[in-house]
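Me: I have a structure open and would like to know what the words used for it rest on. Can we go through them one at a time?

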Amino acid sequence: MPLASGNEENDHMRNASKTLISSFVLAGTFALAACSGGGDKAASANPEAVKEAKQVWETRCVTCHGNNGLGDGPGAAALNPKPRSFSDKQWQMKTKDEDISKVIVEGGKAVGMSEAMAANPDLADKPEVVDELVKIVRSFK
Ligand code: HEC
């Protein structure tokens, strides 16, 4: 029955394009939702945590890691090993968010790196602030 099977094929096609169209509509809805929150992941971010993370970065981290995360802060000059540049794409790709948050909270020594990278135990119960610090580190790539 060549005719019947032909119709079936048409039905499949129609269903397939329906699915395609509804996924476009869905994607559009998500994009809209993200935009109305002020862009990318900021939609779900807690503004207090963002503020605190920025403050922590500027007061504790820039000394060594530098304003642009290049590892060229004044405190890094005498260090060996020096902090890497966070703009290193290879490092950004191979490093997981958990690796970054662990070294921030527990310090370099806990993960086999230099103990010059101090622990920040006060952030252990502020996971949102740590998440935002991870985003700052990611922002230099
Ligand atoms: C006293 C200088 C100093 C300060 C202050 C400092 N760091 Fe570091 N940090 C280092 C050094 C040195 C390393 C590299 C250690 C190594 O390679 O053995 C490092 C490593 C890191 C790494 C891991 C990078 C890698 O190679 O995987 C991250 C992430 C990081 N620091 C984030 C921070 C953040 C966020 C802060 C502020 C809360 C901070 N650091 C404060 C010196 C510092």
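Reply: Let's start at the end of a helix. α4 is followed by Gly107, and the phi of Gly107 is positive, near 90°. Most residues other than glycine have a negative phi. Keep in mind that this is a predicted model.

Me: How do you know how far the prediction can be trusted, in terms of pLDDT?

Reply: pLDDT is the predictor's confidence in each residue, from 0 to 100. The mean for the protein chain is 84. Of its residues, 70% reach 70 or more. Residues 31-39 stay under 50. For that stretch the model has five contacts beyond four places in sequence.

Me: What elements make up the protein chain?

Reply: Helices. There are five of them and zero strands. From the N terminus on, the order is α-α-α-α-α.

Me: Why is Ala45 called partly exposed?

Reply: Count the neighbours. Ala45 has 17 C-beta neighbours inside 10 Å. Buried takes 20 or more, and exposed takes 12 or fewer. The count for Ala45 is 17, so Ala45 is partly exposed.

Me: Where is Ala45, and what is it in contact with?

Reply: Ala45 lies in the loop between α1 (2-36) and α2. Leaving aside neighbours within four places in sequence, it is in contact with Val50 and Glu132. The C-alpha atoms of Ala45 and Asp131 are 9.3 Å apart, although 86 residues separate the two along the chain.

Me: How do you know that the buried residues of α4 lie on the same side?

Reply: The buried residues in α4 are Ile100, Val103 and Ile104. They cover an arc of only 100° around the axis, so they are on the same side of α4. An α-helix has 3.6 residues a turn, so residues three or four places apart point the same way. What covers the buried residues of α4 includes α5.

Me: What makes a set of residues the largest nonpolar core, and which members touch the most others?

Reply: Members must be buried, of a nonpolar kind such as Val, Leu or Ile, and joined through C-beta atoms within 7 Å. The largest such core has 13 residues. Val56, Ile104, Val129, Val130 and Leu133 touch the most other members. α2 (47-65), α4 (97-106) and α5 (127-138) each supply at least two residues. α5 gives the most, with four. In soluble globular proteins, nonpolar side chains tend to be buried together.

Me: What is Val130 in contact with?

Reply: Beyond its neighbours within four places in sequence, Val130 is in contact with Ser101, Ile104, Val105 and Leu123.

Me: How much of the protein chain counts as buried?

Reply: The share is 12% of the 141 residues.

Me: Why is the peptide bond between Asn80 and Pro81 called cis?

Reply: Look at omega. For the bond joining Asn80 and Pro81, omega is about 0°, and the bond is cis. Most peptide bonds are trans. Pro81 is found in the loop between α2 and α3 (89-94).

Technical notes:
Residues numbered from 1 in each chain as written. Predicted model: local features only at pLDDT ≥ 70, side-chain atom pairs only at ≥ 80, totals over all residues. Contact = placed C-beta atoms within 7 Å. Arc of directions from axis to C-beta.
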